[in-house]
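Below is a briefing on one protein model. Please look over the sequence and the structure before reading the notes.

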Amino acid sequence: MVRVSEVTGGVRAPEEDGGVPAFWQTLGLPGLADVHTHFLPPRMLRRVWEYFDAAGPLVGVSWPIRYKWSDEERVAHLKRMGVRMFSALAYAHRPDMAADLNAWTMAFAKATPGCLPSATFFPEPGAARYVTGALAAGARIFKVHLQVGGFSPANPMLDGVWGLLAEAGVPVVVHAGHAPVGTQYTGPGPFRAVLARHPGLAAIIAHMGAPDYEAFGALAADYERVTLDTTMVFTEFFDALAPFPAAARPMVRDLGLAGKILLGSDFPNIPYPYARQLAGLARLDLGPEWLRAVCWDNPVALFGLPDQAD
């Protein structure tokens with residue numbers, strides 16, 4: 001049964017995934033564009049799920065993964081919901097693994113309509129070389145996780161990589177915020193230092209930089225090519241970890257309408273239905289124009305139409 005909690009500004013706020021198509025259809029959209037989803041090599045994915053199941057030290061809370069399905073089942077579910085653009089974000093957490101991850105995620109995208117060719121990197125000798133190779137192979141989005149990787153974004157071995165990405169104009173999703181558990185390398189300060197050196201970098205700040213929403217919002221306002229993704233923000237689950245301040249809602253409205261906020265979900269590594277991400281956005285009551293921008297127009301402006309729409 002499809003449960004719909006409320007209608008906000010004429011837009012249904014779906015509580016279960018069966019209600020997702022009605023959400024974007026009511027907005028007059030052709031579907032959804034989600035910039036923050038994960039597909040990983042099977043062994044790595046199992047380890048990630050085991051870590052979440054055990055509420056590892058970088059998770060800190062009970063986090064039961066909802067979508068422990070095969071790749072094929074998860075792609076089919078995205079398609080049923082109308083998610084027409086998505087990513088296969090992987091993130092290297094030690095040396096000598098990024099190149100192999102890139103080979104897998106790039107091959108996955110090539111075989112999967114709607115998936116953005118995705119890649120990652122780590123501060124190590126040769127990083128600039130394999131990032132150059134990934135760009136030449138058509139990578140359109142990168143991901144780095146400063147918390148899990150345990151490295152500073154200002155590591156000198158990454159300076160050339162940031163420069164390459166800035167020159168290529170290819171966005172990188174950066175988990176730079178403290179949530180769910182902060183480290184010495186997370187927070188707005190370390191990444192602001194990178195942007196000061198590479199102001200043209202197209203950076204997508206994961207989780208809107210939680211819990212430092214306003215500070216990371218200021219980065220998006222200050223730097224032309226910095227955006228924020230909504231991943232897990234405004235859901236009941238994340239509100240318990242890093243509640244969004246009501247006073248910052250006008251900032252969210254303005255940034256979204258300015259093309260600076262993009263839909264992200266963290267699918268499949270979420271402990272609730274995908275629909276709850278959309279319900280949280282609808283309950284902000286920022287209007288249909290804002291929802292259309294965040295859920296489709298802004299991602300498409302950055303990445304172009306998904307390949308099924310060509």
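This is a predicted model: local features need pLDDT of at least 70, side-chain atom pairs count only at pLDDT 80 or more; totals for chains, interfaces and linings use all residues.

Residues are numbered from 1 along each chain as its sequence is written, and side-chain values use heavy atoms, with hydrogens and water left out. An open sheet of six strands runs in the order 6-7-8-9-10-11 with parallel pairing, and eight salt bridges are found in the whole structure.

**The sheet**

- Helices (H or I, at least four residues) and strands (E, at least two) are DSSP runs, numbered from the N terminus; two strands pair if DSSP finds at least two bridges between them.
- Strand 6 (118-120) and strand 11 (261-262) are the edges of the sheet; each has a single partner strand, so one side of each lacks a neighbour in the sheet.
- Three bridges join strand 6 and strand 7 in the parallel sense, and Ser-118 has Ile-141 in strand 7 as its bridge partner.
- Strand 8 (residues 172-175) and strand 9 (residues 203-205) also pair in the parallel sense, over three bridges, with Val-173 opposite Ile-204 of strand 9.

**Cover of strand 7**

- Buried means under 20% relative accessible area, exposed over 50%, and partly exposed in between (1.4 Å probe, protein chains only).
- In strand 7 (residues 141-145), five of its five residues are buried.
- In a regular strand the side chains alternate between the two faces of the sheet.
- Strand 7 is covered on both faces: Ile-141, Lys-143 and His-145 are buried on one side, and Phe-142 and Val-144 on the other.

**Salt bridges**

- A salt bridge is a side-chain nitrogen of Lys or Arg within 4 Å of a carboxyl oxygen of Asp or Glu.
- Asp-53 and Lys-68 form a salt bridge at 2.4 Å, N to O. Asp-53 belongs to helix 2 (residues 42-53) and Lys-68 to the loop between helix 2 and helix 3 (71-81), so the pair ties together parts 15 residues apart in sequence. Asp-53 is partly exposed at 45% relative accessibility, and Lys-68 is partly exposed at 39%.
- Arg-197 and Asp-159 meet in a salt bridge at 2.6 Å, N to O. This pair links distant parts of the chain, with Arg-197 in helix 8 (residues 188-197) and Asp-159 in helix 7 (residues 159-168), 38 residues apart. Arg-197 is exposed at 59% relative accessibility, whereas Asp-159 is partly exposed at 24%.
- Asp-222 and Arg-192 meet in a salt bridge at 3.4 Å, N to O. Asp-222 is in helix 9 (residues 213-222) and Arg-192 in helix 8, so the pair ties together parts 30 residues apart in sequence. Arg-192 is partly exposed, at 32% relative accessibility.

**Positive surface patch**

- Patches consist of residues with over 30% relative accessible area and no salt bridge; like charges are joined within 9 Å, and nonpolar side chains (Val, Leu, Ile, Met, Phe, Trp, Tyr) within 5 Å.
- Lys and Arg count as positive and Asp and Glu as negative, while His and the chain ends are not counted. The place of a charge is taken as NZ of Lys, CZ of Arg, CG of Asp or CD of Glu.
- Arg-43, Arg-46, Arg-47 and Arg-94 form a positive surface patch.
- Arg-94 sits in the loop between strand 4 (83-87) and helix 4 (98-111), and is partly exposed with a relative accessible area of 40%.

Conventions:
Accessible areas come from the Shrake-Rupley method with a 1.4 Å probe; for residues, only the protein chains shown count as cover.
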